[in-house]
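Let's take a walk through this model, one region at a time. Keep the viewer open and follow along.

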Amino acid sequence: MNKTLARLLTSLLASGALLAAGAAHAQAPAQAPAQAPAQAPAIDHMDPPFWWAGMQHKGLQLMVHGPAIAALEPTLSYPGVRIASVSRVASKNYLFIDLQVDADAKPGSFDIVFKGADGRSTAYAYKLLAREPGSSQRKGFDTKDAIYQIMPDRFANGDPNNDSVAGLPDKLDRKLGHGRHGGDIQGIIDHLDYIEGLGFTQLWPTPLVENDMKAASYHGYAATDLYKIDPRYGSNDDFRRLSTEARKHGIGLIQDVVLSHIGLNHWWMKDLPTPDWINHPGTFVATRHAHTAVHDPYASKEDADNFTTGWFSPGMPDMNQTNPYVANYLIQNNIWWIEYAGLTGLRIDTFGYSDGGFLSEYTRRLMQEYPNLNMVGEEWSKLPSLVSHWQRGKVNFNGYVSSMPSLMDFPLTEAMRDALAKKDGGNIFNDVYETLSQDYLYPDPKRLVLFEGNHDTARIFSVVNEDYDRYRMDIAFVMTMPRIPHFYTGDELLMTSDVKVRNDNSYRTDFPGGWAGDKVNAFTGAGLTARQRTAQDFVRKLVTWRKNSPVIHDGKLMHYAPENNTWVYFRYDDQARGVKKVMVAMNANAREMVLPAARFHEMLGGVASGRDVLSGKTYTLKDEIRLPAKSVLILEL
């Protein structure tokens, strides 16, 4: 830790000294000579900076930050809007104004005037905007969609002028694995046609908000301003433009948000509103990552508290969502981005690390505002019992109530990755089969997001020991399960990484063709190997087929116990348009396997043949099923 950060942490530990400094700062104007004119007070932050008329929740809490702002009294005059209460907290540099915005309040602008007893005054022109038509009923992503995930810094550099920004210490350095590489929002916009061409209908970029950290800020998970896009990516307007342009390509935009922690250089950390704004103020207390403690009937309170209050890392202070001002700030911030950028959903990082009571209220408020929205939470666990704890409709023994529609399906994802990493022998698909059999634990398993990999995991091609046939099995599995599929950029190019140890730098290499002068360009195909082009075509064909397959979107599942490294399952739907049954068969053996058709009579009764959507070949299914060596078949019956 550098000396500057050490001094900062030391000062935060002495909260009394911190508050005294704030008080002295607040009194500074009063010490000016009597003959000097009173200076107009400054407003450094107004969060949210604006709002919308016609929102479901009629309360709006404004955080106002500026020198000695608590000494001033706010007033406003606008039809349908009134100040319900004004709250002052430990730091005299904050005011919390609770507004009541009536249902009949019209879009428009009004001044919030701040006046002091010493004659000082200032005004902020606050705006209520008109909502986009149908905003409250916006449709979130669902089983008809397929998600393409990117790390913006590593995808494409559309504007070299913002590669390094004055005042932000983490400068462009493509030679560093953890350095800034220059990818940005314009680079994403420039290549939306590529994402559309692959068949994907939703885009999930990792966080784009400001990360004013000394190093390794590219990943975006250490926010220093929750209302501002990092200027090395672009501007708030650029983010909204990305959403607009994506819609033209039939692609929705999912925002990655973090509720549990912020970056150590967040502007709050220079002047905390209250001493308990963050957990363990000023002191790094590491979480022990005891995920199960939140729903373990035998867990100690120490472990449960540590999981939700411990810091994720020394550079990421943990937010105290039991503080009502913190909770309301985070809820309103996420609503603001949904409304502002026209989002189709949220991906919520480290979901379970936040306070349970807060998560219950957070999910309730957002789904009340947007009942058809989708949100997916990250609960990195192999246990379906734990992941299901957080889903909407789950009856939990500890009384936790959630309104969360979706979770990342780590249990099924990791079961399949582990299976395909095994050498031949035994029955590699058995754990996948048994994990899937636990779907009864989820209130709505088809709303889960299944993935082949992401920015925190080893590349799937390396996981399967660069076995292209097993790679195909995993992608086909993700795209045909009763789930919402998610795909990590670059895996269509068979990107590789370390697998023996965690190495984020190896998982997050630059996308070829995203930078001027790249010798390989995946967007055009120039320089790709024959196998890379084959893999790219495979993903394009499979995802495009899935997009037009209602039986995969909404159909039921029937699977048969794996035998001898083969596994067969069916998607079926008597109400589906067109094809009503699809058979998926995997053979991980290095030789052809012949399966008796009679075993699958429940699904194959009256079926003579099926056409493989990948090869176009027709397979006879009347008496036996012949599975080629190391193959996956997706047969429309």
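Where is Asn465 found? Asn465 is in the loop between helix H12 (460–463) and H13. Before going further, a word on the ground rules: this is a predicted model, local features need pLDDT of at least 70, side-chain atom pairs count only at pLDDT 80 or more, and totals for chains, interfaces and linings use all residues. Residues are numbered from 1 along each chain as its sequence is written, and side-chain values use heavy atoms, with hydrogens and water left out. Helices (H or I, at least four residues) and strands (E, at least two) are DSSP runs, numbered from the N terminus.

**Two asparagines with positive phi**

Asn465 has a phi near 60°, a positive value in a residue other than glycine. Asn564 also carries a positive phi, near 50°, and is found in the loop between S19 and S20. For burial, the cut-offs are these: buried means under 20% relative accessible area, exposed over 50%, and partly exposed in between (1.4 Å probe, protein chains only).

| Residue | Relative accessible area | Class |
|---|---|---|
| Ser354 | 1% | buried |
| Glu378 | 6% | buried |
| Asn465 | 57% | exposed |
| Asn564 | 52% | exposed |

Ser354 sits in the loop between strand S14 (345–349) and helix H8 (356–369). Its side chain makes a polar contact with the side chain of Gln321 at 3.0 Å. A polar contact here is a pair of N or O atoms within 3.5 Å; within protein, one must be able to donate a hydrogen and the other to accept it, and residues adjacent in sequence count only if both atoms are side-chain atoms. Contact in general means heavy atoms within 4.5 Å. Not counting residues up to four places away in sequence, Ser354 touches Leu259, Ser260, Thr308, Gln321 and Leu359.

Glu378 is in the loop between strand S15 (374–377) and helix H9 (384–388). A polar atom of the Glu378 side chain lies 2.7 Å from the backbone nitrogen of Thr350. With neighbours within four places in sequence left aside, the contacts of Glu378 include Arg347, Asp349, Phe410 and Asp456.

Axes are lines fitted to C-alpha atoms, for helices over the stretch in contact, and angles run from 0 to 180 degrees between N-to-C directions.

**Cores and a helix pair**

What is the size of the largest nonpolar core? It has 166 residues, and those with the most contacts inside it are Tyr148, Trp268, Tyr471 and Phe477. Such a core is a set of buried Ala, Val, Leu, Ile, Met, Phe, Trp, Tyr and Cys residues joined through side-chain atoms within 4.5 Å. Helix H7 (residues 324–341) gives the largest share of this core, twelve residues. A second, separate core of 18 residues includes Tyr560, Leu621, Leu633 and Leu635. Among the contacts of Tyr471, leaving aside neighbours within four places in sequence, are Ile460, Phe461, Phe487 and Phe538.

H7 also packs with helix H5 (residues 236–248) at an angle of about 55°, their axes 9 Å apart. The two helices are therefore oblique to each other: angles under 35 degrees count as roughly parallel, over 145 as roughly antiparallel, 65 to 115 as roughly perpendicular and the rest as oblique. On the H5 side, Phe239, Arg240 and Arg247 are among the residues meeting H7, whose own set includes Trp336, Trp337 and Tyr340.

**A cis bond to check**

Finally, look at Asp47 and Pro48: a cis peptide bond joins them, with omega about -5°. Pro48 lies in the loop between strand S1 (45–47) and strand S2 (51–52).
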